[in-house]
Amino acid sequence: MRILASVVTYNRKDLLERCVDHILAQSRPPDRLLVINNSSSDGTIEMLEAKGVDYVTQANLGSAGGWARAIDEAIAGGFDAVWLMDDDGYPDPAALAVLEGSLVDGVACVSSVVLREGEHSHFVFPFPKLNPAGNPVLVGAPRKIPTLEGLRAAAPDGLYPFAHLFNGALVSVAAARVIGNVCPDYFMFGDEVDYFMRLRRVGPVVSHLDARHYHPDVTKRPLSPEKVYYFIKNTIILNHLYFDRRKLRNVMAVAVALVRTARRNSPGMALSYVAGPRSPTLWKAITRGLKGRIGKDFDA
């Protein structure tokens, strides 16, 4: 199997260097490493050239535009699989070898589990419990599985039929040829959910509990108005494309955005989206989401 490893980056040179070093140190090294540079201006190119790492530079098309370019490069290069990740995480030395062993014929994608870099027992992105259709449950307590131990109890064979893509996901190029590329119009948030749902139409998409990817804990990162906007808008679009009980899911998307803003920024910031100067951002996100207005259009 020929594997292209690809990292999407924008102005995070030091974190990117850490990620690149861990890719190069894999027990099963990729057949090629290619960095997709979204027009970084922080010395990223100089660092990559000093290391002799291949890269392509493009306009800042967001994460979705980066994944799309990486998949295009994998298809054009005749690779069998493409290993995709963001620049702020890094893989365990055995991650690629574990993933390759499970990407057998008919499987669309095998992904790593994403663990906190300072607490390897806990996920950065907790796994949802799934309903009979394989979608995240809406009701019940708890709705999420926050720890590796908890997920192992739910998946004793070591494979869980859900994945947080683009943090160490090994995607079959054959599957990508069937379903097409990542949709770059999502720009920020939602591209990974859309691609997950499309991939599983052509084959299983699973997370392998023994393939580990380490990542900073993002639960304390402040949310900009742009991030709040795209999270709400794109989640509503995805709810209408793929999920049941859409109205309830839409309400929950808004509630999640506000709760996260209250925790990461401040309660006052969250309130400003409901009845304050940022309320136009909230209502535009909801309205454009309900209209299916996918695309880069933040103007609040």
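For what follows, Ala, Val, Leu, Ile, Met, Phe, Trp, Tyr, Cys and Pro count as nonpolar, Asp, Glu, Lys and Arg as charged, and the others, Gly among them, as polar. This is a predicted model, where local features need pLDDT of at least 70 and side-chain atom pairs count only at pLDDT 80 or more, while totals for chains, interfaces and linings use all residues. Residues are numbered from 1 along each chain as its sequence is written, and side-chain values use heavy atoms, with hydrogens and water left out.

Let's start with the second largest pocket. A pocket here is an open set of points on a 1 Å grid over the protein atoms alone, where a 1.4 Å probe fits and protein lies on both sides within 12 Å along at least five of seven lines; lining residues have an atom within 4 Å of a point. The space in this one comes to about 160 Å³, the volume being what is filled by probe spheres set on the points, which are joined across faces, edges and corners. By class, its lining has eight nonpolar, two polar and two charged residues. Among them are Met 1, Asp 80, Asp 105, Gly 106 and Ser 172. Helix H6 (residues 173–179) is the top contributor to that lining, with three residues; helices (H or I, at least four residues) and strands (E, at least two) are DSSP runs, numbered from the N terminus.

Now for the interior. A nonpolar core is a set of buried Ala, Val, Leu, Ile, Met, Phe, Trp, Tyr and Cys residues joined through side-chain atoms within 4.5 Å, and buried means under 20% relative accessible area, with exposed over 50% and partly exposed in between (1.4 Å probe, protein chains only). The largest such core has 50 residues, and Leu 165, Tyr 195 and Leu 199 have the most contacts inside it. Helix H3 (residues 62–76) gives the most to this core, namely six residues. There is also a second, separate core of 24 residues, including Leu 16, Val 20, Ile 23 and Met 47.

Back to Leu 199: setting aside neighbours within four places in sequence, its contacts (heavy atoms within 4.5 Å) include Ala 108, Cys 109, Leu 165 and Ala 175.

What about the cysteines? With a disulfide taken as a pair of cysteine sulfur atoms within 2.5 Å, a search of the whole structure finds zero. For Cys 19, the nearest cysteine sulfur is that of Cys 109, 16 Å away. Cys 19 counts as buried because its relative accessibility is 0%. The sulfur of Cys 183 is 18 Å from the closest cysteine sulfur, in Cys 109, so the gap is too far for a bond.

A few loop residues deserve a look too. Gln 26 sits in the loop between helix H1 (13–24) and strand S2 (32–37), and with a relative accessible area of 5% it is buried. Not counting residues up to four places away in sequence, Gln 26 touches Trp 83, Pro 91 and Leu 96, among others.

Most residues other than glycine have a negative phi. Asn 11, though not a glycine, has a positive phi of about 55°; Asn 11 is in the loop between strand S1 (3–9) and H1, and is partly exposed at 27% relative accessibility. Arg 245 also has a positive phi, near 45°, and lies in the loop between helix H8 (225–242) and helix H9 (246–264).
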